Amino acid sequence: MKLKDRVAIVTGAGSGIGAASALALAAEGARVVVADVNETAAKAIVEKIERQGGQGLALHVDVARAADNKALVERAVATFGRLDVFYANAGVPQWKSDIEEVEEQVFDRIFAVNVKGVWLGARYALPVMKRQRRGVFLITASTSAIRPRPGGQTYAASKGAVVTLAKALALEAAPHGVRVVAIAPVATHTPMLPTFMNKQAVDAEGLARYEATVPLGRLNQPEDIARTAVFLASDDAAMITGSCVEVDGGRCI
Ligand SMILES: NC(=O)c1ccc[n+]([C@@H]2O[C@H](COP(=O)([O-])OP(=O)(O)OC[C@H]3O[C@@H](n4cnc5c(N)ncnc54)[C@H](O)[C@@H]3O)[C@@H](O)[C@H]2O)c1
């Protein structure tokens with residue numbers, strides 16, 4: 001087991017990429033705090049972790065709120081004694097629209113969750129990791145940070161911000177033995193996917209249009225990202241920090 005006795009927090013872990021990552025980290029021996037605004041979904045993932053023989057804790061967290069991030073880190077340390085991995089994964093998408101059609105409140109919410117949410121997670125998790133002289137802070141960015149699609153400017157800008165945040169934090173954290181890495185998935189089969197396609201549900205047209213933009217010819221499954229997160233959280237990735245790891249079947253080439 002690559003993460004035996006480590007303690008991990010995953011935000012947005014009630015669904016999609018976060019849920020798959022929480023399960024994969026637990027399968028490698030980590031005790032996992034499953035944090036989500038949807039507490040029912042978080043509890044269901046902890047039940048799955050327990051059924052596969054692991055240990056987890058479900059917490060209701062809105063990552064856009066400072067108090068929730070502070071309490072999240074404090075509960076993790078109080079419950080499990082330390083914090084080795086913080087995966088800042090929670091995010092919200094954007095409906096495809098030109099900038100003149102995007103309301104200011106939409107910008108504010110996307111940046112509150114996708115940027116401030118990650119910033120707050122780092123603000124409370126990194127001091128713990130620095131004191132321990134060990135830890136990994138992971139961020140779910142997106143290929144839209146590197147190769148945006150038309151009509152997704154607000155979401156793309158939020159993901160660009162966290163790629164740069166990962167680099168800046170990596171420099172701050174490195175002298176303390178702490179690593180910071182961004183992961184950039186291409187479109188992934190989760191409940192978020194139809195929004196990017198501007199549809200209520202994924203259909204053959206949307207899927208074909210997106211798959212045509214990925215050289216390997218398919219979209220991610222959440223497990224493609226989960227396996228990457230396990231690798232980056234483990235000591236196998238001991239020399240990887242400040243990187244933006246594209247998991248994109250070649251989309252960004
Ligand atoms: N699905 C894709 O195509 C894709 C591609 C690239 C990047 N991403 C990114 O991956 C991450 C995970 O998305 P997903 O595709 O698994 O979507 P998802 O909708 O399946 O899961 C997102 C989870 O985040 C939670 N969440 C939303 N706002 C929150 C908040 N303020 N506080 C706490 N939890 C919150 C939701 O309740 C949900 O459980 C996001 O950052 C997203 O931007 C997704």
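Mentor: When the whole structure is searched, one cavity of 30 Å³ or more is found, a cavity being a set of points on a 1 Å grid over the protein atoms alone where a 1.4 Å probe fits but cannot get out. This is a predicted model, in which local features need pLDDT of at least 70 and side-chain atom pairs count only at pLDDT 80 or more, while totals for chains, interfaces and linings use all residues. Residues are numbered from 1 along each chain as its sequence is written, and side-chain values use heavy atoms, with hydrogens and water left out.

The largest cavity holds about 40 Å³ of space, a volume being the space filled by probe spheres set on grid points that are joined across faces, edges and corners. Around the largest cavity stand T11, V63, F86, A88, N89, A90, V113, G117 and V118, which count as its lining by having an atom within 4 Å of a point. Two elements, β4 (85-88) and α4, each give two or more residues to this lining, and α4 gives the most, with three residues; helices (H or I, at least four residues) and strands (E, at least two) are DSSP runs, numbered from the N terminus. Sorted by class, the lining of the largest cavity has six nonpolar residues, three polar ones and no charged ones, where Ala, Val, Leu, Ile, Met, Phe, Trp, Tyr, Cys and Pro count as nonpolar, Asp, Glu, Lys and Arg as charged, and the others, Gly among them, as polar.

Helix α4 (104-132) also supplies at least two residues to the lining of the largest pocket, as do α1 (16-27), α5 (153-173), α6 (193-196) and α7 (204-211). A pocket is an open set of points with protein on both sides within 12 Å along at least five of seven lines. In the largest pocket there is about 1000 Å³ of space, and 49 residues line it, with V92, P93, Y155, M192 and F196 lying nearest its centre.

As for the setting of both spaces, the chain has eight helices and seven strands, and its C-alpha atoms fill a box of roughly 50 × 35 × 35 Å, taken along the principal axes.
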